[in-house]
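I opened my notebook for a first walk through this fold. Here is what I looked up, entry by entry.

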Amino acid sequence: MSDENTATYPYTLEIQPPKAPGSPYQWAIRRKGKLIQRSDRNHPTEAKARENGLAQIELLLSGAGDR
């Protein structure tokens, strides 16, 4: 397991490459293989998509949104 996966356990972040040249990147968060959340915005670079996805995982890990 990579350091990133250890830090985000039990969530994994998948960066989805553009479908066509010049298209935006997207991300998806999974827990035990099940889709939990997808990006709602387009990201111009893989780094921006990763940064945004990791920020969303931090919110999930902190319990934000739990009721």
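**Before I start.** I count a polar contact as a pair of N or O atoms within 3.5 Å; within protein, one must be able to donate a hydrogen and the other to accept it, and residues adjacent in sequence count only if both atoms are side-chain atoms. This is a predicted model, where local features need pLDDT of at least 70, side-chain atom pairs count only at pLDDT 80 or more, and totals for chains, interfaces and linings use all residues. Residues are numbered from 1 along each chain as its sequence is written, and side-chain values use heavy atoms, with hydrogens and water left out.

**Entry 1: the outline.** I looked up the elements and found two helices and three strands. Helices (H or I, at least four residues) and strands (E, at least two) are DSSP runs, numbered from the N terminus. Read from the N terminus, the order is α-β-β-β-α. I then checked burial: of the 67 residues in the protein, 21% are buried. Buried means under 20% relative accessible area, exposed over 50%, and partly exposed in between (1.4 Å probe, protein chains only). The protein exposes about 5000 Å², and carbon and sulfur atoms supply 49% of that area. Those areas come from the Shrake-Rupley method with a 1.4 Å probe; for residues, only the protein chains shown count as cover.

**Entry 2: the sheet.** In what order do the strands of the open sheet lie? I read S1-S2-S3, with antiparallel pairing. S1 and S3 (34-38) are the edge strands, each pairing on one side only. From one strand to the next, the twist averages 30°. Two strands pair if DSSP finds at least two bridges between them. S1 (residues 11-16) and S2 (residues 26-31) are joined over six bridges, while S2 and S3 have four.

Entry 3: Which residues of S1 are on its covered face? I found Tyr11, Leu13 and Ile15 there, with Thr12, Glu14 and Gln16 on the uncovered one. In soluble globular proteins, nonpolar side chains tend to be buried together.

Entry 4: Helix H2 (residues 46-62) lies across S1, S2 and S3, and runs at about 160° to S1. For such angles, axes are lines fitted to C-alpha atoms, for helices over the stretch in contact, and the angles run from 0 to 180 degrees between N-to-C directions. Ser62 belongs to H2. It is exposed because its relative accessible area is 57%. A polar atom of the Ser62 side chain lies 2.9 Å from the backbone oxygen of Leu59.

**Entry 5: His43.** Leaving aside neighbours within four places in sequence, His43 is in contact with Pro24, Tyr25, Trp27, Lys48, Ala49 and Asn52. Contact means heavy atoms within 4.5 Å.

Entry 6: Most residues other than glycine have a negative phi, and most peptide bonds are trans. With that in mind, I looked at Lys32, which has a positive phi of about 55° although it is not a glycine. Lys32 lies in the loop between S2 and S3, a hairpin with two residues between the strands. Lys32 counts as exposed because its relative accessibility is 76%. Next I turned to the loop between helix H1 (3-8) and S1, where Pro10 lies. Which kind of peptide bond joins Tyr9 and Pro10? I found a cis one, with omega about 10°.
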